[in-house]
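Q: Please take a close look at one part of this structure. How is it arranged, and how does it compare with other parts of the chain?

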Amino acid sequence: MTKIKVLQCLPSMDRGGQETFVMNLFRNIDREKFQFDFLCSDKRPFDFDQEICALGGKILFLPQIKKGNKITKYFFSSRANIEFLKAIAREYDVVHLHNCHAFSFCVSVREFRKAGFANIITHSHNSNAPRPLLHKIFKPFVPKKNITRFACSVGASEWLYGKRATKKRTTENGKIANIKNNIELDKFEVCEQAVEKEKIFVINNGVELDKFAFDQKAREKVRQELNANDEFVIGHVGRLDGQKNHKFLLEIFAEVCKLRENSQLWLVGKGELENQIKLLARDLQIESKVKFLGARDNVNELLQGMDAFVFPSLFEGLSLVGQEAQASGVNVFHSGVIAEEGVFSNKCFALSLAQSPQEWAKIIVEKKCDRKATFNEKIKNYDIKNTVKMVEQIYIELANKNLQKIKKAQVISKK
């Protein structure tokens, strides 16, 4: 059986939200039918390198143009990218672009089209981005024709595709346009119609729910390893960058320490602000209580050991780690960045960034952390098995369209 080959395109394959989403797909997709390869713009070792190779994928890199100023560098990079992509275009049935910035999508779609790629998916993973003015300028020019559009949430769809397009394309026909990844198998026939009608697919961030379910033994083990047997543990998982708002997080934790002296903060992730965050921890006199754990492949185990998961991000698309934390049953405190559509635990609490660190700390400490979470029916929307079924079906529809075009071209050439 010929596999459907999908080229997953991201800047890098380190442990971030969109990268973890793609790896969750890769781990759970039927690899007898689908082949994933990865195209990255950063040429360096990544966190997921070994696992990608073990699962049968390969990592490709766009040409690296280092000479020239910003304008000439962009021109020569784009030309080199197109030539590189032309050489591999016939190898892939689908190209899946992951990003959140209108400028990046405009440039990437142009390059892939010029290189001859027929089936392009754009996937919005956030509801904001750096350089928002540049995004706003290019947003009206984000390609719509002959593009399959994904978003991780309604907010992420509105950010990239616009509120009007999101409302029109995801509500005008509930059975086609408002496709969710918990759709039953007998309804998959609507996918072909949805692809043809250029609908926006809200693809929920799927989680391996069994893997993240609460486990008392795992909790005891990880807390013992990190010397947190009797401590009140606050945790955060995410890149150490401005979006995640670590300054406010540390200010909250400093107030928590005043209320509960035997507290720890576990920071899971890495990023360019690590040194600044360490300096701030020292200035707040909490450095001995803050553990910088780096990028980890056992987030599921670390979540078991936490008493509260605090997530004061400035913005998010939907937040994959927010779904993982909810699935673990831990108390989740976030800044409103987990959209209502993504809340499935009774232990998920939205606070405001307008509230003071003292207010956050008081609420966090007072909430009972018994891990006896209850989940509503929305939890099934975030089961990775359902996400995979949805994405597989769309890949199949796109690959079939491509095959039909090739056969038609062959018939014409014979004439």
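**A surface patch and its surroundings**

A: On the surface, Tyr74, Phe75 and Phe76 form a nonpolar patch with about 310 Å² of accessible area together. Patch residues have over 30% relative accessible area and no salt bridge, with like charges joined within 9 Å and nonpolar side chains (Val, Leu, Ile, Met, Phe, Trp, Tyr) within 5 Å; areas are Shrake-Rupley values with a 1.4 Å probe, and only the protein chains shown count as cover for residues. The model is predicted, so local features need pLDDT of at least 70 and side-chain atom pairs pLDDT 80 or more, while totals for chains, interfaces and linings use all residues. Residues are numbered from 1 along each chain as its sequence is written, and side-chain values use heavy atoms, without hydrogens and water.

Phenylalanine 75 belongs to helix 3, residues 70-88 (helices, H or I of at least four residues, and strands, E of at least two, are DSSP runs numbered from the N terminus). Phenylalanine 75 counts as partly exposed because its relative accessibility is 47% (buried is under 20%, exposed over 50%, partly exposed in between, with a 1.4 Å probe and protein chains only).

Elsewhere, the side chains of aspartate 307 and arginine 219 form a salt bridge of 2.7 Å, N to O. Aspartate 307 lies in the loop between helix 13 (299-305) and strand 11, and arginine 219 in helix 10 (residues 216-225), so this pair ties together parts 88 residues apart in sequence. Both aspartate 307 and arginine 219 are buried.

A further salt bridge joins aspartate 370 to lysine 347, with 2.9 Å between the closest N and O atoms. Aspartate 370 lies in the loop between helix 15 and helix 16 (384-414) and lysine 347 in the loop between strand 12 and strand 13, so parts 23 residues apart in sequence are tied together. Aspartate 370 is partly exposed at 29% relative accessibility, whereas lysine 347, at 9%, is buried. Through shared partners, salt bridges join Arg219, Arg223 and Asp307 into one network.

For the whole structure, the salt bridges number 17. The protein chain has 16 helices and 13 strands, and 53% of its 415 residues count as buried.

Conventions:
A salt bridge is a side-chain nitrogen of Lys or Arg within 4 Å of a carboxyl oxygen of Asp or Glu.
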